[in-house]
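Me: I'd like a close look at one part of this model, namely how one chain sits among its copies. Could you walk me through it slowly?

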Amino acid sequence: MLLGRVVGTLVATRKEPSLEGLKFLVLKQLDIEGKETGGYRVAADAVGAGLGEVVLFATGSAARQTKLTHQRPCDGVIMAIVDVLEVDGVVKYDKSEEG
Amino acid sequence: MLLGRVVGTLVATRKEPSLEGLKFLVLKQLDIEGKETGGYRVAADAVGAGLGEVVLFATGSAARQTKLTHQRPCDGVIMAIVDVLEVDGVVKYDKSEEG
Amino acid sequence: MLLGRVVGTLVATRKEPSLEGLKFLVLKQLDIEGKETGGYRVAADAVGAGLGEVVLFATGSAARQTKLTHQRPCDGVIMAIVDVLEVDGVVKYDKSEEG
Amino acid sequence: MLLGRVVGTLVATRKEPSLEGLKFLVLKQLDIEGKETGGYRVAADAVGAGLGEVVLFATGSAARQTKLTHQRPCDGVIMAIVDVLEVDGVVKYDKSEEG
Amino acid sequence: MLLGRVVGTLVATRKEPSLEGLKFLVLKQLDIEGKETGGYRVAADAVGAGLGEVVLFATGSAARQTKLTHQRPCDGVIMAIVDVLEVDGVVKYDKSEEG
């Protein structure tokens, strides 16, 4: 899994029928310092993530292992909202300290 | 999923028999500003996308989770046509404003 | 899928038994201008491709969705021979014009 | 599989229900000299790895081939703790010599 | 599939139980000139490869399509030992000519 920050939304009315009802969010990928890497991913939201939140996302076939995404043509899913990320003994991100 | 713009077509008469009837489109990959990244992908079209349209495509085994591509040797599929892409509160792409 | 040009062959007598009979070809990856990207892939040949031909290849689990490669430890397959590639209204490759 | 060093932990209370009970660790990726490559991965821990340990991790669908991760939206798993890594006849890492 | 040269071994006593008995080898990735690319991979050995040999390896779910690796958390497997690699009409590697 990799870290991302939810930065946007995507609306698509013409799509594969099985995708109906899935919410797609735009993620900027983050490194473990919480800095943007320049990469992005559009992912289905399985956990009700909101704009600005730091999340964990899975790609590939893992993205279809949720009730929402099972057997759908989806290769990225947000599967957790990060509360605390600690690296080398330092708290790099703490959701409770965000504005 | 990643964003792409449909820029071309590919004709192949000699191919794996199960691919008969699939339409292959050439996509230039886009970043979330809508700019080309330099990458491309040839993908099966599951939604009737047209030249110039901005689409969402999935890769890997996800690409076989549509009726058209099920159990076929296909690792990329266009599964949605983007109407609106909004990032950091700014509309980066709006299909209704395209010529 | 990505584009490649068949540039070589690979002989391997000691291999996983289920690979017996599969033909492996060496591909140089191409961009959509038909130029080599510097990357390569060794792929199983499902369509009888010949040296010099421009082909479409699939990777990952898609590579096992042909009769030849089903349930074999193979992660790349040539699934189509390209006749015509057209990008931005320009024919970038036309097999009938090759020597 | 690739090599990583366990450098951190991640707490997430809001997550896909099937992930309940899985422990997520933050890995810095290593090259075969044991140096950090700059990449990272968040992975489920299937072997009880501790901070500072050098581990082997698998990504993609392989990450769901453990009892802990079966059918869960998880694309990275620590599946072994490295004791000794020997490359070109030289021991690059020996767990018993670590502090 | 990609080319690699077997350069080392990895010992891991604490591991996912289903991995018991699998031999892990360290590969340096090669380009089609036989030169090292700087990348590496740790792979399960399905063919009895030896140190110094040039091999073909598969990654992703393909790595579990051998008897040894079936349903195990393994994302890389050596599935063939290369005898001869010929590119653009030139023999780039011939196992019989190696010391």
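This is a predicted model: local features need pLDDT of at least 70, side-chain atom pairs count only at pLDDT 80 or more; totals for chains, interfaces and linings use all residues.

Reply: Let's look at chain C and its contacts.

Start with chain B. The contact takes 27 residues from chain B and 30 from chain C. Together they bury about 2200 Å², and carbon and sulfur atoms give 55% of that area. There is 1 salt bridge across this interface: Lys28(B) pairs with Asp88(C), with the closest N and O atoms 3.0 Å apart. You'll also find 16 residue pairs in polar contact there, counting pairs with both residues at pLDDT 80 or more. On the chain B side, the elements giving two or more residues are strands S1 (2-11), S2 (14-15), S3 (24-30) and S4 (36-45). Sort that side by class and you get 13 nonpolar, 6 polar and 8 charged residues. The strands join up too: S1(B) runs antiparallel to S7(C), residues 84-87, with 4 bridges between them. One pair to find on screen is Val11(B) with its bridge partner Val84(C).

Now turn to chain E. Here 27 residues of chain C are in contact with 30 residues of chain E. The buried area is about 2200 Å², with 54% of it on carbon and sulfur atoms. Met1(E), Ile32(E) and Gln65(E) supply 29% of what chain E buries against chain C, more than any other three residues. Again the count is 1 salt bridge, this time between Asp88(E) and Lys28(C), whose closest N and O atoms are 3.0 Å apart. On the chain E side, two or more residues come from each of strands S1 (2-11), S5 (54-59), S6 (76-81) and S7 (84-87). That side has 19 nonpolar, 5 polar and 6 charged residues. For strand pairing, S1(C), residues 2-11, meets S7(E) in the antiparallel sense over 4 bridges, and Thr9(C) stands opposite Glu86(E).

What about the other two chains? Chain A and chain C have no contact, and their closest C-alpha atoms lie 10 Å apart. Chain D doesn't touch chain C either, the nearest C-alpha atoms being 10 Å apart.

Terms used. Residues are numbered from 1 along each chain as its sequence is written. Chains are lettered from A and ligands numbered from 1 in the order in which they are written. Side-chain values use heavy atoms; hydrogens and water are left out. Contact means heavy atoms within 4.5 Å. Buried area is the accessible area (1.4 Å probe) that two parts lose on being put together, summed over both. A salt bridge is a side-chain nitrogen of Lys or Arg within 4 Å of a carboxyl oxygen of Asp or Glu. A polar contact is a pair of N or O atoms within 3.5 Å; within protein, one must be able to donate a hydrogen and the other to accept it, and residues adjacent in sequence count only if both atoms are side-chain atoms. Ala, Val, Leu, Ile, Met, Phe, Trp, Tyr, Cys and Pro count as nonpolar, Asp, Glu, Lys and Arg as charged, and the others, Gly among them, as polar. Two strands pair if DSSP finds at least two bridges between them.
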